[in-house]
Amino acid sequence: MTDTTNVLRDVAREVLADFAFLLTEPAQAPLAWPAAELVRHAEIDFEGPFCGTLAITATSELAEAIACDMLGLEAGDPEAVAQSASALGELANVVAGAVIARLFGTSSNYKLGLPQVAHGHPRVDVRPREVLALEDMEGRPIEIQLHKPAGAGK
Amino acid sequence: MQSRRRDVPDWKHALRSGDQALMSLNLLVVDDSSVMRRMVIRSLAVSGLQVGGLFQAENGAEALTLMRRAWVDIVLSDIHMPEMTGIELVERMAADPLLSQIPVVIVSTERGDERLGHLRQLGIKGYLSKPFQPEHLGQLVREILGLETQ
């Protein structure tokens, strides 16, 4: 396991717990996903000495649950559905900021882009990547991908 | 389209009684994420701050337009936003004799020393990195505005 893998795992789990109140564990088996229309992903690019992308993929149901927890809404609140894309996008933003700071330090001048949220899984990308497969306490999958040049950062 | 203003400001004025400041604050939250704006507002509510007027803007340009129409006591702003970033917002405010009097707190994922140093030179009063603890945001606002801890 590389340093990048460890940093991604530790930082992502920490942010998910602190920011989205979502406790997760590394998945012990390949993640099982529902149909693409029931899956959402948020991507955010970063630029600096190294450029890359961080993507978070979750089921729509989990994205709505995250929105509920972030906003203090009851499960099933229609507002959670309306805010689920924004919640997943902001989660990607916060995870990316924390991961970049941990991997590259704060003295490097990195700039985050704006999160883009869409249905389905992220596009297939040929760049080197780290993939973190997590499950929440109810077994719902969440995947985090970090694309960056090999050898960049830790 | 969702309203950008959750509450209409009531224009209550600051009241002072003895040493205790009883202020009803006008707050401006600037973030392109609707979820983040609501989280900031919720954090301040949880911390017990008395909010009179609550304004929201999706970017720096909207924030400037709003501040030219209504007085706000403190600005809580993200950095990375479309149209006008939080950095440009702070630069524009610093160059304006009236707006430069309004304290700004940056609430962002940005951790870069250079950008934060630039913002501090421009006079921001505080910085909080996301994710943050709700009580830290309330405490920071209190400290900046010189309010008693409740």
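Which helix gives the most to the lining of the largest cavity? H3(A) does, with three residues. This is a predicted model, where local features need pLDDT of at least 70, side-chain atom pairs count only at pLDDT 80 or more, and totals for chains, interfaces and linings use all residues. Residues are numbered from 1 along each chain as its sequence is written, chains are lettered from A and ligands numbered from 1 in written order, and side-chain values use heavy atoms, without hydrogens or water.

**Where the chains meet**

- On chain B, 22 residues are in contact (heavy atoms within 4.5 Å) with 26 residues of chain A.
- The buried area, meaning the accessible area (1.4 Å probe) that the two parts lose on being put together, summed over both, is about 2100 Å², and carbon and sulfur atoms give 55% of this area.
- B:Val35, B:Arg38 and B:Pro131 supply 25% of the area that chain B buries against chain A, more than any other three residues.

**Charged pairs**

- The interface has two salt bridges (a side-chain nitrogen of Lys or Arg within 4 Å of a carboxyl oxygen of Asp or Glu).
- A:Glu79 forms a salt bridge with B:Arg38, and their closest N and O atoms are 2.4 Å apart.

**Enclosed space**

- Two cavities of 30 Å³ or more are present; a cavity is a set of points on a 1 Å grid over the protein atoms alone where a 1.4 Å probe fits but cannot get out, and lining residues have an atom within 4 Å of a point.
- Of its 14 lining residues, the closest to the centre are A:Ile100, A:Tyr110, B:Glu110, B:Arg111 and B:Gly112.
- The second largest cavity holds about 30 Å³, and its lining includes B:Val29, B:Leu76 and B:Val107.

Technical notes:
1 Å grid on protein atoms, 1.4 Å probe; cavity = no way out; pocket = protein on both sides within 12 Å on 5 of 7 lines; lining within 4 Å. Points joined across faces, edges and corners; volume = space filled by probe spheres on them. Helix = DSSP H or I, 4+ residues; strand = E, 2+ residues; numbered from the N terminus.
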